[in-house]
Amino acid sequence: MSNLFDYLDWRGDLTLAQSPFNEVDSLIFSELSYLDFTDIVPTPSLSNGISIRDAYKKMVSQNQVNGKIVSNSDEQIKELFHKIASSPRFCNILLNCYVEHTDLDTVEQFSAITFEIDQRHIYCAFRGTDDSLTAWQEDLELSCTDEVPAQKRAVHYVQTVAKQYPRRKILLGGHSKGGNLAVYAGLFLPIKLQKRILDIWSNDGPGFHEYILDLPTYKRLESRIHTILPKSSIVGMLLEHGESYTVVDSDELGLMQHNPFSWQVIGDHFVTLPSINTAARNSSLAIREWLHSVSVEQRKSFIDALFDILNSSGAKTISDLKNENIRAVIPMAKAMMTVDKEVRNGLLDFIQLLLTNSTRILIEDLQQEARKKTKRTQQN
């Protein structure tokens, strides 16, 4: 099966003039937004951008090719950056307007970067959830607040970049939370700027509260929003999607399908499937039912309690928790016992719901892979 790296082998020698920008290119830009471009790519200003080729050389010279995503994708993002830096399709594209902001007090993680595709188009890519506990807490708060800080920053970011490039059409995109930010930014821009938006890509990004889908601004942009989900999506099926979505095949199982490097590619597009897997669809319905069964205030209490427990370990990132292993369990167990009983029980119910549905999704994926293997054997 073929993935993003195979795509670069097939299409990397074709310029964008020879083969137009497509959904796979969008995903590549979204993944590059996870890299730390501090002191390499200019912040929003009147400064000229830096080419992908030169940015890579500078990053290597500073010995800081640091992907900021869950640890199992770090090496893949570094390899992706290396390959596109020498690719005729991407190497001369300019990077500009890099921003990064994390605030523990306001529970905010935000980063974005702009790609100057050509003299007529720019692409604003929003980073998804990085390794920090702050980022994961902000993600969960999408379920209990009308606007998280990163969404507000996303709107401001596009307004700033659009002013810097007043004559260019705008494309927006991101992976995971970055996809949600891309759509949100488009929805809450002034109408004058919305008219400049050509397309918005949400790659396995969470949806929105129902009231947002009823807004006139959503109706105006709906046809330009492209939601792409892996076949057993969990993250991307959270909350509501009003737009139709494309389901892509993946060579991973369960939650690991959230990793875009597992998404299957052929030519200049993804390998698509008719629908989300049954277990993933049922999981989405179960989570939505649970969310509707508790008040917004209860959801906020559960989230606050969960991250109070995680922070009690002293960890700042998911990697810290993994590295601490057993040593992190004891302070978290003690913190768990101090949580209000009603909140603790609700939190445990939700964790059990996630574990049960994740297991069902994994079983269905394993069954599908077994059927595929049997079919290939019979054909041979």
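## Basis of the description

A residue is called buried when its relative accessible area is under 20%, exposed when the value is over 50%, and partly exposed in between. Ile 351 therefore counts as partly exposed, because its relative accessibility is 33%. The structure described here is a predicted model.

On one side of the pairing scheme, β6 runs parallel to strand β5 (residues 169–175), with six bridges joining the two. Within this pairing, Leu 172 stands opposite Ile 200 of β6.

Strand β6 also pairs with strand β7 (residues 225–230), again in the parallel sense, through four bridges. Ser 202 stands opposite Thr 227 in β7, and Asn 203 stands opposite Ile 228 in β7. Strand β7 is itself mostly covered, with five of its six residues buried. A further four bridges connect β7 to strand β8 (residues 245–248), and these two strands run parallel.

## Aromatic pairs

Across the whole structure, a search finds 18 aromatic pairs. One of them joins Phe 110 and Phe 126 in a tilted arrangement, with 6.1 Å between the ring centres and 55 degrees between the planes. This pair links distant parts of the chain: Phe 110 belongs to strand β3 (residues 108–116) and Phe 126 to strand β4 (residues 121–126), 16 residues apart. Phe 110 has a relative accessible area of 3% and is therefore buried; Phe 126, at 0%, is likewise buried.

The pair formed by Trp 263 and Phe 270 is edge-to-face, because the planes stand at 80 degrees, with the ring centres 5.9 Å apart. Both of these residues, Trp 263 and Phe 270, are buried.

## Salt bridges

Side chains of opposite charge can pair when their charged atoms come close. The whole structure contains six salt bridges. In one of them, Asp 9 pairs with Lys 83, and the closest N and O atoms are 3.1 Å apart. Asp 9 lies in helix α1 (residues 4–11) and Lys 83 in helix α4 (residues 74–85), so this contact ties together parts that are 74 residues apart in sequence. Asp 9 is exposed, with a relative accessible area of 53%, whereas Lys 83 is partly exposed at 23%.

Asp 25 and Arg 89 form another salt bridge, with an N to O distance of 2.7 Å. Asp 25 is in helix α2 (residues 23–32) and Arg 89 in the loop between α4 and β2 (94–103), so the pair ties together parts 64 residues apart in sequence. Asp 25 is buried, with a relative accessible area of 0%, and Arg 89 is buried at 3%. A salt bridge also joins the side chains of Arg 168 and Glu 116, at 3.7 Å from N to O. Arg 168 occupies the loop between α6 (149–164) and β5, while Glu 116 is in strand β3, so parts that are 52 residues apart in sequence are tied together. Arg 168 is buried, with a relative accessible area of 12%, and Glu 116 is buried at 11%.

## Cysteines

The structure holds zero disulfides. For Cys 97, the closest cysteine sulfur is that of Cys 124, 7.5 Å away, which is too far for a bond. A disulfide would require the two sulfur atoms to lie within 2.5 Å. Cys 97 has a relative accessible area of 0% and is therefore buried, and Cys 124 counts as buried at 1% relative accessibility.

## A nonpolar surface patch

Leu 348, Ile 351 and Leu 355 make up a nonpolar patch on the surface, and together they have about 250 Å² of accessible area. Ile 351 is located in helix α15 (residues 341–379).

Key: Residues are numbered from 1 along each chain as its sequence is written. This is a predicted model: local features need pLDDT of at least 70, side-chain atom pairs count only at pLDDT 80 or more; totals for chains, interfaces and linings use all residues. Side-chain values use heavy atoms; hydrogens and water are left out. Two strands pair if DSSP finds at least two bridges between them. Rings of Phe, Tyr and Trp (its six-membered ring) pair if their centres lie within 6.5 Å; planes under 30 degrees apart count as stacked, over 60 as edge-to-face and the rest as tilted. Buried means under 20% relative accessible area, exposed over 50%, partly exposed in between (1.4 Å probe, protein chains only). Patches are made of residues with over 30% relative accessible area and no salt bridge: like charges are joined within 9 Å, nonpolar side chains (Val, Leu, Ile, Met, Phe, Trp, Tyr) within 5 Å. Accessible areas come from the Shrake-Rupley method with a 1.4 Å probe; for residues, only the protein chains shown count as cover. A salt bridge is a side-chain nitrogen of Lys or Arg within 4 Å of a carboxyl oxygen of Asp or Glu.
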